[in-house]
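Dear colleague,

Please find below the structure that I am handing over to you. My notes on it follow directly after.

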There are 2 protein chains.
Amino acid sequence: MAASSLHCFQLVKFPSGSRPFFPAGSYGGCRIKNKSCHLVFASAKKTDQCLFTDSKVQTLLDSVKWDEKGLAVAIAQNVDTGDILMQGFINRDALATTISSRKATFYSRSRSTLWTKGETSSNFINILDIFIDCDRDSIIYLGKPDGPTCHTGAETCYYTSVFDQLNDQQLQQVEENKLARTTLYSLESTIAQRKAEVAAPRDGKSSWTKRLLVEHNLLCSKIREEADELCRTLEENEDNSRTASEMGDVLYHAMVLLAVKDVKIEDVLEVLRRRFSRSGIEEKRSRKAQG
Amino acid sequence: MAASSLHCFQLVKFPSGSRPFFPAGSYGGCRIKNKSCHLVFASAKKTDQCLFTDSKVQTLLDSVKWDEKGLAVAIAQNVDTGDILMQGFINRDALATTISSRKATFYSRSRSTLWTKGETSSNFINILDIFIDCDRDSIIYLGKPDGPTCHTGAETCYYTSVFDQLNDQQLQQVEENKLARTTLYSLESTIAQRKAEVAAPRDGKSSWTKRLLVEHNLLCSKIREEADELCRTLEENEDNSRTASEMGDVLYHAMVLLAVKDVKIEDVLEVLRRRFSRSGIEEKRSRKAQG
């Protein structure tokens, strides 16, 4: 993004309970809820010089421990799955732009310019919150991506396992584009793989997951049974490890059902976020206020 | 960690199906499973000069795009929760040490030395896998922490919300040490808060979650009912959004039960990881082979 096309900032007041307008496609998870609150936001106006008039933003920017080049690390993370999407560097302008536009924005060290992820691909990362670490030199952009983040088309930029590379080149070829997945999504990916094997069987290897994927009566009876067993750990005062184990059973079997129905855990978490997050509550309030 | 105490590397062969020995406390999630495979590992021997004899590790280290100071970014992530624990910088030695010791190791720019997270606090981050990004200049250390990661005692180093700071200083004080949480853990934290309110009621505000936390018959009947409704979305061929919504209900109600029983979602995910991950399967095979 050339300097001439930088978004510019203005000081705007939002009344209590209201929500500011963000560009179409942005994720309106704004945390504004207190009294009359000030927030800088991106106007459509383009100019060579940006004016930051909000002293709180300035104070915040001053509090970051920028390195000798005026940079800090920024990590973009998917708010629902926890996937680390990408990592880049930011300068003052990049952070200020992200705060105002709610689109993850970085500073390109090679091109010496700001760039907003998605400005070419339209796969923006819509910011719900930003966290700064104890040393104040590292930032998390917690957001919801509009689509794959990596320029290769992969969901995240981290799809190469160092241990796979070290162990066996062929293994890496087989499992190429295996994303850095945490436990829940690793299990989801395994179940998806079993589903693909059921659809196009190459060998006769059977597995419990494959059986559940095709025998829906069995699957549903297992889900009901495991839910019942989870409840019984409370009703019969069983120990905590039993509860963890039964909850694992509930989760696994329910995730097989999600795979059958082509529903992602991420979709479920998005439902929960909209229901339970502060922004969801605000959204409801805002709709009431507007309606 | 002073240069003189650096672990040193040796070339070792492991037969097919076997697992190398890692120091007590390390998490043995090693991906070795193919034929006879080579892996460098940390010996107890200390020396001033480290010899990397494994050409694969050297090739890997050569393939990283180190910056002009010989550094790259490393992000430590909790393999079960997806929490970003901390971010640091690494040089060749730090990455090599992490690969061999399976303890997240960084390079301190201020002290110009390697340091292994946990060497003082004993809260090591036990590495299960390492991922490198598309540009090969950013690394994820996917691991399981032994305890809180931050030197402040916080679970992660990211406990300051920029938006809270910008919105209202008082709000920040109220919610201080609010971690950067993704959806599932944000919900878990909300439920825990309701549980604390039930235990020490300050106002008469009621909520569905509070009611479920005390009325265990109601909670269990809701869990069984929601599990049944989830199954019916498959049995009665309801649309996918219904499945996502019902799964959200199952998850939420089951999480209230977990809160009642003092079980963390992280415990459940650890159970699932041990059951389903490749390392779990290997562990079983290895025990059979040894037994």
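Across the interface of chain A and chain B of this predicted model, 36 residue pairs are in polar contact, both residues being at pLDDT 80 or more. A polar contact is a pair of N or O atoms within 3.5 Å; within protein, one must be able to donate a hydrogen and the other to accept it, and residues adjacent in sequence count only if both atoms are side-chain atoms. On the side of chain A that touches chain B, helix 8 (residues 240-260) gives the most, with 14 residues; helices here are DSSP runs of H or I with at least four residues, and strands are runs of E with at least two, numbered from the N terminus.

Twelve salt bridges are counted between the two chains (a side-chain nitrogen of Lys or Arg within 4 Å of a carboxyl oxygen of Asp or Glu). One of them joins A:Asp137 to B:Arg109, with the closest N and O atoms 3.9 Å apart.

Strand 7 (residues 125-133) of chain A and strand 9 (residues 158-161) of chain B run antiparallel and are joined by three bridges; strands pair if DSSP finds at least two bridges between them. A:Ile132 has B:Thr160 as its bridge partner in strand 9 of chain B.

As to confidence, pLDDT (the predictor's confidence in each residue, from 0 to 100) has a mean of 80 in chain A, where 73% of residues reach 70 or more. The model scores ipTM 0.79 and pTM 0.79.

Residues are numbered from 1 along each chain as its sequence is written, and chains are lettered from A and ligands numbered from 1 in the order in which they are written. Local features need pLDDT of at least 70, side-chain atom pairs count only at pLDDT 80 or more, totals for chains, interfaces and linings use all residues, and side-chain values use heavy atoms, with hydrogens and water left out.

With kind regards
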